[in-house]
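The structure comes first, and the entries follow.

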Amino acid sequence: MTLRLSNLTVFVLNSPSSAVVAQRLESQGAVTVVGEASSFLNDANPARFALAVIPGDVASAMVEQVIDHASEWGIPVDDQRGQDVDQQFRGGQGIVTLVGGGPGHPDLITIAGARALAEADVILTDHLGPYSLAEEAARNGAEIIDVSKLPYGKQVAQERTNAMLVEKATMGKNVVRLKGGDSFIFGRGYEEWAELAAAGIPVRVIPGVTSATSAPAVAGFSLTHRGLNHDVTLVSGHVPPGNPKSTTNWEALAQMTGSLILIMAVKNAAAIAEVLMETKGGRAPSTPVAIVESASMSEQRVTTCDLGELAEVVEREGVKPPAIFVIGEAAGKRMELA
Ligand SMILES: C[S@@+](CC[C@H](N)C(=O)[O-])C[C@H]1O[C@@H](n2cnc3c(N)ncnc32)[C@H](O)[C@@H]1O
């Protein structure tokens, strides 16, 4: 690739490593424009320029416009479409993007997250989140590595996942770590980031829509109601009350009045309901509960009951992960969805 950097404007169109590329070019004396080129380009401003990064299908109209102007003004352009120019500009340095994929439906990932997946060389994914988007990327050539931690099923050790992230990025790959919901809500995002930072690998973060709030929302529940509750608490139920490994003050939670959201709590729902009711000043057995399983996906199921009957309902209905429990008065108000 030919780059004439001095006195040239270099366009770096939207791509996962735009910031890295821009920094690199600037250090070489180029004037970079990341993203929008259209405002800069007009007939009155026939600037000399080079094209630096033109990823796959992104911003194709803008790319055409740049190329049209270039030939109009007799400026040589290196058309890099279809090539892995990001990698060239990273100088072989890989990057890992931690993408929060939302609760599962592919429309509930962010635009930035979907774009990162579409441009990835390698995707490390769990069973949660928009797996179909990873499959789509695989059909376009991305390598998919399943690093699921299934409750009571396949368990890829976190150390192995960390090692694979480092290994693939060290090979110069554009790696996406796709998580369900948000990577930093019980998602091990911090641990993965720390491991990558220790290995000197650049990390980008694309937040996601956590299931903790989106599962109730798609099922018609508001976690807050004016005049009804002023607090919302998110708790993992993967360690039962009374277990010495638990860091949760269940008695304090029992005495609160707002919405309690439980994540990873199917197995311990009965024990949690018990401590919430039996604590002095705790929740009444009549407290409403909403259970949302597989939120936003075709198999979504919503079950409502009272706290006093939660253990029996979970058993009888065969409630399965992934599920979110909402306990509190807000769970008693469900909007009927069209
Ligand atoms: C390891 S945690 C990951 C949470 C994720 N990082 C997030 O922000 O949503 C897995 C738990 O998230 C919840 N979960 C994830 N996706 C869900 C969905 N679509 N419907 C209901 N619960 C979900 C379940 O409680 C599941 O056991």
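Entry 1, terms. I call a residue buried when its relative accessible area is under 20%, exposed when it is over 50%, and partly exposed in between. The model I consulted is predicted.

I looked up the count, and it comes to nine salt bridges. I then examined individual pairs.

I took Asp126 and Lys179 to begin with; they form a salt bridge with the closest N and O atoms 3.2 Å apart. Asp126 lies in the loop between β5 (122–125) and α5 (131–139) and Lys179 in strand β7 (residues 174–179), so this pair ties together parts that are 53 residues apart in sequence. Is Lys179 buried or exposed? Lys179 has a relative accessible area of 8% and is therefore buried. Asp126 likewise counts as buried, at 8% relative accessibility.

I next checked Glu143 and Lys168, whose side chains meet in a salt bridge at 3.2 Å, N to O. This pair links distant parts of the chain, with Glu143 in strand β6 (residues 143–146) and Lys168 in helix α6 (residues 158–170), 25 residues apart. I noted that Glu143 is partly exposed, at 33% relative accessible area, whereas Lys168 is buried, at 12%.

I also looked up Arg177 and Glu192, which meet through their side chains in a salt bridge of 3.1 Å, N to O. Arg177 is in strand β7 and Glu192 in helix α7, 15 residues apart, so to speak of distant parts of the chain being linked is in order. Arg177 is buried, with a relative accessible area of 0%, and Glu192 is buried as well, with 1%.

I located Arg283 in the loop between α10 (269–278) and β11 (288–293). Arg283 is buried yet has no salt bridge, and Asp231, the nearest side chain of opposite charge, is 5.5 Å away. Which backbone oxygens does the side chain of Arg283 reach? I found that of Leu253 at 3.5 Å, and that of Met256 3.1 Å from a polar atom of the Arg283 side chain. Beyond its neighbours within four places in sequence, Arg283 has contacts that include Thr257, Leu276, Leu307 and Ile327.

I recorded a nonpolar surface patch formed by Phe184, Tyr190, Trp193 and Val205, with about 420 Å² of accessible area together. Tyr190 lies in helix α7 (residues 189–198) and is exposed, at 66% relative accessible area.

Note on methods. Residues are numbered from 1 along each chain as its sequence is written. This is a predicted model: local features need pLDDT of at least 70, side-chain atom pairs count only at pLDDT 80 or more; totals for chains, interfaces and linings use all residues. Side-chain values use heavy atoms; hydrogens and water are left out. Helices (H or I, at least four residues) and strands (E, at least two) are DSSP runs, numbered from the N terminus. Buried means under 20% relative accessible area, exposed over 50%, partly exposed in between (1.4 Å probe, protein chains only). Lys and Arg count as positive and Asp and Glu as negative; His and the chain ends are not counted. A salt bridge is a side-chain nitrogen of Lys or Arg within 4 Å of a carboxyl oxygen of Asp or Glu. A polar contact is a pair of N or O atoms within 3.5 Å; within protein, one must be able to donate a hydrogen and the other to accept it, and residues adjacent in sequence count only if both atoms are side-chain atoms. Contact means heavy atoms within 4.5 Å. Patches are made of residues with over 30% relative accessible area and no salt bridge: like charges are joined within 9 Å, nonpolar side chains (Val, Leu, Ile, Met, Phe, Trp, Tyr) within 5 Å. Accessible areas come from the Shrake-Rupley method with a 1.4 Å probe; for residues, only the protein chains shown count as cover.
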